[in-house]
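Have the structure open as you read.

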Amino acid sequence: MSNAQYDAIIIGAGISGMYQLYRLRELGMNVRMYETSDGVDSTWYWNRYPGARFDSESYTYAYSFSEEILKEWNWTEHFSGQADNERYFNFVADKLDLRKDIQFNSKVTAAKFIKGDDLWEVELEGGEKARARFLITAVGVLSATQMPRIEGIDSFKGDYCHTSRWPKTPVDFKGKRVGVIGTGATGVQVIQEVAKTAEHLTVFQLDASWCAPLNNSKITDEEQPALKASYPELFKICKESGAGFLHQFDMRSIFDVSPEEREAKFEKLYGEPGFGIWLANFYDIMTDEKANAIITEFIARKIRERVKDPKVADILIPKDHGFGMKRVPMETKYFEVYNQPNVTLVDLRATPIERVNETGIKTSDKQYDLDFIVYATGFDAVTGAFKRIDIRGEDGQALVDKWSGGPETYLGMQVNGFPNMFMLVGPHNGATFCNIPRCIEQNVEWVTDLVKHMQNHQYKRCEATRDAELAWTDHVYETAAGSLFTKADSWFMGANTPGKKRTFLLYAGGAPNYRKKCDEVAANNYEGFKMV
Ligand code: NA7
């Protein structure tokens, strides 16, 4: 068994880890990356369920740091599908020659800080250990798969699968009775795809989602040159926008315009590609419940127009939260699926699931016999992936214990008591409520600069102070309180995971403010960090 020592260990070969590996290697560091699966890119490796695709414009999801990659890669759709996305990340891994430093099929189970040596020691499933000065977690926000707690799940004799553990061999649903549990962003993508071929599709819905049209389209060969020429401008817009998208909030209040003007704006946004209806709308739909009620009623009306049976439409209209308070699932003819004769919607709020049994799902009023059950039931979000590794800091303290009352971090990148550990897109990090790649580049570049600063000063150890951590955590909750996110029970609040404390897990202060704060910290000699 090897007991190797590296300058840095990165956990996870996803989009953030890949870029971090590239940047640390540029500093001349000897870096080892451990990845659970046998491939790069994580999100698009695991989430290969039917219908999986970007809700971000493809070109805004791509890395922006390499002119060569930007030039050579052609996106073929404005919102690209899983297969192309996976191809893209493999192309990047080859281009940057990343694989030589990645150890695949290697699941990190534990990591502990060795006091005195100022090193991290990680342990893999199977017992292999390695040490490094820096531990960088790139474990993802939505990677800890969550199966529902339903009695009898294992008794089902048909096939079943969680969407984020989908097999590489495509599943053929022709002639099959399929059940889908879950109607979040993932469930919506699966449902609209499976409904095309399944003999019968039964959708088991707990709470409905406020979905909006994706309005995807192809990018033709003729369009490529102009699109590529616009990349610098597109990245600039993303950088200035609150959530790293091409969409920017309208800073007028919804009450400053006439009902006719409002309606015209909603109609326009509803017909445009991507998240505009959410993120280019009047800003106060996100902060003021009265303003929110207006857009919410507009979207409800759209659902009623699109679904023929008024009773089914009513079940598809959320009752427990307003539009945009949770992540908005983007759809392509999702609501029309419920007009098809081969699709049944089951309202679990009215008739809850009692159990899964050998032949299917039994609700309080009926048995549904099925051949395949799709679990689109989401993730133990943001902190879940950290919980699944036994991470211990300087005095043996477990990270999971430190965060039992909710995460405490400095900038969502470091934790007091866990020196030399940096989290890419950690809890309360500005990259959490963001078009992920845009903010990931910022995270990686900032951590790289900090490591370079330590190299230059021959520091061995860097730790966020407790004061800085407390101040950042307070700031995160203060900004969250100004938004409507905290009103809904979503994964943003950890409310989808049984037993998890209900706290805001993201950062709602906006990507530009987050970047500014990080830049100020760096300019002030890494204020809030103690380096020796
Ligand atoms: P989400 O958004 O957490 O959605 C999970 C869905 O599964 C949601 O509709 C849940 O209903 C439902 N669910 C969870 N547990 C159960 C049980 N026990 N019974 C029935 N239904 C259940 O996960 P997604 O994968 O769709 O999306 C996660 C993110 O990935 C998304 O925001 C994008 O950023 C990409 P509920 O809403 O709790 O009533």
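Leaving aside residues up to four places away in sequence, serine 37 touches Tyr45, Trp46, Phe104 and Asn105, where contact means heavy atoms within 4.5 Å. This is a predicted model, in which local features need pLDDT of at least 70, side-chain atom pairs count only at pLDDT 80 or more, and totals for chains, interfaces and linings use all residues. Residues are numbered from 1 along each chain as its sequence is written, and side-chain values use heavy atoms, with hydrogens and water left out.

Serine 37 sits in the loop between strand 2 (31–34) and helix 2 (43–46). Its relative accessibility is 3%, so serine 37 counts as buried (under 20% relative accessible area, 1.4 Å probe, protein chains only). The side chain of serine 37 also makes a polar contact with the side chain of glutamate 35, at 2.8 Å (a pair of N or O atoms within 3.5 Å; within protein, one must be able to donate a hydrogen and the other to accept it, and residues adjacent in sequence count only if both atoms are side-chain atoms).

Now to the ligand. Oxygen atoms of the ligand pair with the protein as follows.

| Residue | Protein atom | Distance |
|---|---|---|
| Threonine 183 | polar backbone atom | 2.9 Å |
| Glycine 184 | polar backbone atom | 3.4 Å |
| Aspartate 207 | side-chain N or O atom | 2.7 Å |

Note on methods. Helix = DSSP H or I, 4+ residues; strand = E, 2+ residues; numbered from the N terminus. Buried < 20%, exposed > 50% of the residue type's maximum accessible area, 1.4 Å probe, protein only.
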